Every structure is written in structure tokens, then in C-alpha cells.
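Please keep the sequence and the structure at hand while reading.

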Amino acid sequence: MTPLNLFSSTEFWTSLIVVLIGGGGVGAIIGAISSRRKDTADIAAKACDILTDSVIKPLREQVESQEEQIQHLEDQQRKYFALAAYTRQLFHWLQQFCEIAEPDFLKRHPKPHLPDELRADVAPETVEDA
């Protein structure tokens with residue numbers, strides 16, 4: 001029998017199937033497939049751990065740091081607004097004092113105009129609604 005005729009014979013295929021089933025060939029195939037799935041799951045778990053450690057964890061730390069910085073800046077902004085309001089009240093008081101103490105003082109030394117870019121922060125009541 002030539003090798004080409006071997007693959008076309010029914011006896012060959014029957015013997016091969018019997019050997020695979022009886023010799024544990026199917027079990028080996030099933031074991032290889034389940035082992036491969038387990039290996040794939042292990043690889044995916046390791047990749048997830050690497051991703052978490054190298055990307056997600058630093059991003060979380062960065063977000064936490066930025067939240068602290070934002071909170072600090074908001075605190076500073078509140079202090080700035082309080083300082084601007086106090087300074088504005090103080091200068092209005094000084095203006096009234098100057099008008100009483102020396103009425104011509106403001107004519108000789110006019111009060112500087114508030115720049116438009118600061119008006120919304122310093123004197124929001126003077127901003128016209130469009």
C-alpha cells in the first residue's frame with residue numbers, strides 16, 4: 001500500500017480514531033484547550049495588573065493631586081475676593097474722608113478708573129447685563 005492510498009483507506013481512519021479515543025488523545029486535546037484557556041486567563045490577569053500598576057494607579061494619584069491643587073486654588077480665590085472687597089470698602093471710606101477733610105482733593109487727584117477686565121471680579125454690581 002502506498003502512502004497516498006493509506007489516507008484514503010477506511011481501516012486507517014478507523015484505527016486512528018480508536019487510538020485517539022482509547023489512547024487518551026481526546027483527553028489530551030481537551031486538556032490542551034483548557035490549559036490554553038487558563039494560560040490566556042493568566043496572561044490577561046497579568047496584563048490587567050500591569051495596566052493597573054503602570055497606568056491607572058499613577059492617573060488616580062495625579063487626579064488626587066490635582067483635586068488638592070484645585071481646592072487650594074479655590075481657597076486662595078476666596079481670600080482674594082475677600083481682600084478685594086475689603087480694599088474696595090476701605091477706599092470708598094477714604095474717598096468719603098477726603099471729601100470731608102479736603103473737598104477739592106478729589107478734583108486735583110481723581111480716583112483711578114477700575115479696569116474693565118477686573119470689573120466682574122471686583123465690582124460685579126457695576127457690570128451691565130447684555
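## Burial, fold and aromatic pairs

Of the 130 residues in the chain, 4% are buried, and this figure, like the others here, comes from a predicted model. The accessible surface of the chain amounts to about 11,500 Å², with 63% of that area belonging to carbon and sulfur atoms. The secondary structure consists of five helices and zero strands, which gives the pattern α-α-α-α-α when read along the sequence.

Helix H3 spans residues 25-101 and holds Glu61. Glu61 forms a negative surface patch together with Glu64, Glu67 and Glu68, and Glu61 itself is partly exposed, at a relative accessible area of 46%.

The chain contains two aromatic pairs. In one of them, the ring centres of Tyr80 and Phe81 lie 5.5 Å apart and the ring planes meet at 50°, so this pair counts as tilted. For Trp93 and Phe97, the ring centres are 6.0 Å apart and the planes are at 15°, so that pair is stacked. Trp93 and Phe97 are separated by about one helical turn, because they stand four residues apart in helix H3.

The table gives the accessibility of the residues in these pairs.

| Residue | Relative accessible area | Class |
|---|---|---|
| Tyr80 | 39% | partly exposed |
| Phe81 | 32% | partly exposed |
| Trp93 | 51% | exposed |
| Phe97 | 48% | partly exposed |

Trp93 is classed as exposed because its relative accessible area of 51% is over the cut-off of 50%, whereas Phe97, at 48%, is partly exposed.

Terms used:
Residues are numbered from 1 along each chain as its sequence is written. This is a predicted model: local features need pLDDT of at least 70, side-chain atom pairs count only at pLDDT 80 or more; totals for chains, interfaces and linings use all residues. Side-chain values use heavy atoms; hydrogens and water are left out. Patches are made of residues with over 30% relative accessible area and no salt bridge: like charges are joined within 9 Å, nonpolar side chains (Val, Leu, Ile, Met, Phe, Trp, Tyr) within 5 Å. Accessible areas come from the Shrake-Rupley method with a 1.4 Å probe; for residues, only the protein chains shown count as cover. A salt bridge is a side-chain nitrogen of Lys or Arg within 4 Å of a carboxyl oxygen of Asp or Glu. Lys and Arg count as positive and Asp and Glu as negative; His and the chain ends are not counted. The place of a charge is taken as NZ of Lys, CZ of Arg, CG of Asp or CD of Glu. Helices (H or I, at least four residues) and strands (E, at least two) are DSSP runs, numbered from the N terminus. Buried means under 20% relative accessible area, exposed over 50%, partly exposed in between (1.4 Å probe, protein chains only). Rings of Phe, Tyr and Trp (its six-membered ring) pair if their centres lie within 6.5 Å; planes under 30 degrees apart count as stacked, over 60 as edge-to-face and the rest as tilted.
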